[in-house]
Amino acid sequence: MDLLAYRDRFPILETCTYLINHSLAAMPAKAEDNLLEYTRMWRERGIRSWGEGWWEMPVTVGDQIGRIIGAPPGSTVMHQNVTVAEMVVLSCFNDVGERNRVVYEEANFPSVRYLYQAQPHLEVVTCADAQAIVDAIDERTLLVPISHVLFKNAEIQDVAPIVRRAHEVGAHVVLDCYQSAGVVPFDVTELGVDFATGGSVKWLCGGPGAGWLYVRPDLAARLQPTFVGWQGHARPFAFEPELEYADGARRFLTGTPNVPALYAATAGYDVIEEVGVDRIRERSLALTQLLIDRLDERGLEVGSPREAERRGGTVLVVTPDHAAVHRALGERGIICDFRPDSGLETSSAQPPTSGREIPAADGGRGGIRLGPHFFNSEDELRHTVDVLAGIVESGAYEQYAGAVGRF
Ligand SMILES: Cc1ncc(COP(=O)(O)O)c(C=O)c1O
């Protein structure tokens, strides 16, 4: 099927130029059908719905994610978001002793950063890039939470050397795949990461409330999360007074699952599986290249990587006053977003990592983010760059000076 033929399945594409698939991807119409099915079951089947699929959904839906990320059945479970999933991981490591360091990258998504910063028993080492992470990992490193694709500039990180170094010293890697799952093919088993996490609002087209956690099967068998609820028990319906962990990734569950979110999310996963991530990637590379070429032609600065191997799904455009330009684009029916620049940061613990200046295409640099998905057309992209160039050249954005954007 021609990829543009899928446009009919995403109603919002009829009303605007939707280039924000790295944030809240276009909703598949089927999500609405799925949610109606959820309410039908609630209305007609009531409590019996738990036994007719609802209770198992964190695992059955997790298995669908597993097919997309190369995880074996039973190794991926659903949570509400990445923060909760990373907290479950953290809760496996309370008695840390000397091994109390977290080595992470400056360009991690804020909720990941905040969670680790907030742990009083851990010391965080912040690194400027993947090489600095490899250099900073040592025998005192407990966890290495990194992003597969950086959220601001969509740079693909080279995960293999980080995993190799972490495993050499007995540390565990937690890979945040939010910006890669559904647009960049990868295989968690091949990458050898210990944990992987992500959510569904972005490239997976699944909407909010459906985060996921993969745990390497051999680790899942021996880790004991302390953030656990009755879904993590070996026999939840025995209501036993003492905790006995379930087998596999089930033990990483908490309490009652977010059933409606899981209904909605599978509509997105279904279409991603139907098209296939390899085909999506091929299309994504063609569309992001078209954007880059057109931006070059119009004299606009590209702030994201240009090489195909380092390029995720989003193109970052550096303009004056990103917030105002973003507002002007929105007024013209082009839906995208922007991220602010972040300052140079120094390590919060020893050993200090490289404190270099942030160059172009660095994960700290902000700009307008354009995130085409497989259903966007070439015409939409040409139109967007032309409108953007017009806004910048004419100074039309200046009337929105002082604009602040939240999304
Ligand atoms: C790389 C990355 N991680 C995590 C998140 C979100 O984290 P959470 O699911 O905790 O809201 C985002 C964006 O929303 C992201 O881009």
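Predicted model: local features only at pLDDT ≥ 70, side-chain atom pairs only at ≥ 80, totals over all residues.
Going through them by name, the ligand is surrounded by Asn-81, Val-82 and Thr-83, by Phe-109 and Ser-111, by Phe-151, by Asp-176, Tyr-178 and Gln-179, and by Lys-202.

For Thr-83, an N or O atom in the side chain sits 2.5 Å from an oxygen atom of the ligand. Val-82 comes in through its backbone instead, with an N or O atom 2.9 Å from a ligand oxygen. At Ser-111 it is again the side chain, where an N or O atom is 3.2 Å from an oxygen atom of the ligand. As for cover, the ligand on its own would expose 400 Å², and the protein buries 84% of that.

Where does the ligand sit? The space it takes up is the largest pocket, which holds about 400 Å³ of space. A total of 24 residues line this pocket, and Val-82, Phe-109, Tyr-178, Val-201 and Lys-202 are the ones nearest its centre. Val-82, then, turns up both in the pocket lining and in the shell around the ligand.

Technical notes. Residues numbered from 1 in each chain as written. Heavy atoms only, no water. Near = heavy atom within 4 Å. Polar contact = N/O pair within 3.5 Å; in protein donor to acceptor, adjacent residues only side chain to side chain. Areas by Shrake-Rupley, 256 points an atom, 1.4 Å probe, with all protein chains shown as cover. 1 Å grid on protein atoms, 1.4 Å probe; cavity = no way out; pocket = protein on both sides within 12 Å on 5 of 7 lines; lining within 4 Å. Sits in = over half its atoms within 2 Å of the grid points. Points joined across faces, edges and corners; volume = space filled by probe spheres on them.
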